Amino acid sequence: MPDLLPLAIDNLLSPIILFFALGFAAALLRSDLSVPEALAKAMALYLMLAIGFKGGVELSKQGLDWTIAALLLTGAALSFVIPLIAFALLRSFTRLGQADAAAVAAHYGSISVVTFVAGTEFLTLMGVGFEGYMVAVMAIMETPAIVTGIWLAWRGMNGGAGNRSRAERRALIDRDLMREIFLNGSVVLLIGAFVIGWITGPRGFETIAPFVDAPFKGVLCLFLLDMGLVAATRLRGATELTPGLLMFGIAMPVIGASLGLAAGWALGLGMGEMALFALLAGSASYIAVPASMRLAVPEASPGIYLTLSLAITFPFNLTLGIPLYFSAAAALSSVP
Amino acid sequence: METHPRKRLDIIVETPLQRRVVALLEDQAVRGYTIMPCMAGMGAEGSWHRGEISDAFSKRLIIVIAREEKAREVMAAARELLRDYSAVITLSDVEVIRADHF
């Protein structure tokens, strides 16, 4: 196992993490620094377009094999299963009610695109390559957790205390909710850009490289500055966070990542892919899942699920999780 | 200047619910509505503001102006739709100039 400390320091002293720290500190100190909302949204679109496209281009160079199908299925299965573990932990060790625990669980089964992107930057920094299909694995892991989360929240719901019964609730699973879950903008853009990259290949890449490649790291820095601001603002306003929840926010990504590592090792993934798979399994959503939870589980408090995923787990993964999962993947990949 | 009394229905909802409210308004065959973004606020569930990474917590103000009978029908339907969600629904008196538009 490579020494963790120098890895962690390398990671912490990279521009993207330092810009995140700058945003975080600025918001804690109540600076008026802010990134316009429309720009933040545009940057999120840009990052997804670029990462999707580059993944597709890589895949077109390498071609398809059975590992990819197995990995996609495993990714989807993990996204379905991780919320069950998260739910059980929350119900056993914290005082969260069914709806809150289910909503939090759904966030931890899903993934965070920015965490993944930061992970790929770290691998590049370490000189470790990874296959382009990991982007497709990320896209497929985004939504199954939402289905598990909704099931957990609605299980045994009897319509007491003025709430809707399960039958009434079911009427809410209409085309609108389905669209929200399966045709979520980020999933459409990630998969769409991935397919376009795959079709157009290295020649397509050459034509748009000045847009998708050259400014990528700079945009990522500005985006993470905003993430730092948003995360710290959330944390400052967090009134519902208990020590138990705080521990969950740090333990759960490690548990998810361990499952990812185990599955990645069993599938015989390379070091880079295994580290990214662990990172995906360990990361929590803060874009796609909150919108679905607001619609399907309105009783759950965003003050709990969004604060946990955005203000606790995201910074943890970004700073310590990435080098930790990387060194574990490095150790595992030398095990025959 | 001659004006005509009408009712103004204001519905403040979270952005993910906008499409559902609009579908309801179309179901109810209202003759028009306006949707506006909200900047920030504070209420039963604490304070919120635009500019979170997710759209899920920003809010929209949906305004409908109609005759009283229609406005009350829509209000009742909106109450039913939004029963479990955080929402503000109000009805107030307004005067309009073009009676045939509302």
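The model is predicted. Its scores are ipTM 0.80 and pTM 0.89. In chain B, the mean pLDDT is 91. There, 99% of the residues reach 70 or more.

Start inside chain A, with two helices. Helix α2 of chain A covers residues 15-28, and helix α12 of chain A covers residues 216-236. Their axes come within 7 Å. They cross at roughly 35 degrees. The crossing of α2(A) and α12(A) is right-handed.

Which residues make this contact? From α2(A), they include P15(A), I16(A), F19(A), F20(A), L22(A), F24(A) and L28(A). G23(A) also takes part, as do A21(A), A26(A) and A27(A). On α12(A), the contact residues include L220(A), C221(A), L224(A), L225(A), M227(A) and L229(A). D226(A), G228(A), T233(A) and R236(A) are also among them. By class, the contact of α2(A) with α12(A) has 18 nonpolar residues, three polar and two charged.

Now move to the other chain. Here 17 residues of chain A are in contact with 16 residues of chain B. Which elements of chain A give two or more residues to the side that touches chain B? They are α3 (37-62), α10 (175-182), α15 (288-296) and α16 (302-333). Of these, α15(A) gives the most, with four residues. The side of chain A that touches chain B divides into nine nonpolar, two polar and six charged residues.

Key
Residues are numbered from 1 along each chain as its sequence is written. Chains are lettered from A and ligands numbered from 1 in the order in which they are written. This is a predicted model: local features need pLDDT of at least 70, side-chain atom pairs count only at pLDDT 80 or more; totals for chains, interfaces and linings use all residues. Axes are lines fitted to C-alpha atoms, for helices over the stretch in contact, and angles run from 0 to 180 degrees between N-to-C directions. A crossing is left-handed if the near helix is turned anticlockwise from the far one by less than a right angle, and right-handed if clockwise. Two residues are in contact if their C-beta atoms, placed from the backbone, lie within 7 Å. Ala, Val, Leu, Ile, Met, Phe, Trp, Tyr, Cys and Pro count as nonpolar, Asp, Glu, Lys and Arg as charged, and the others, Gly among them, as polar. pLDDT is the predictor's confidence in each residue, from 0 to 100.
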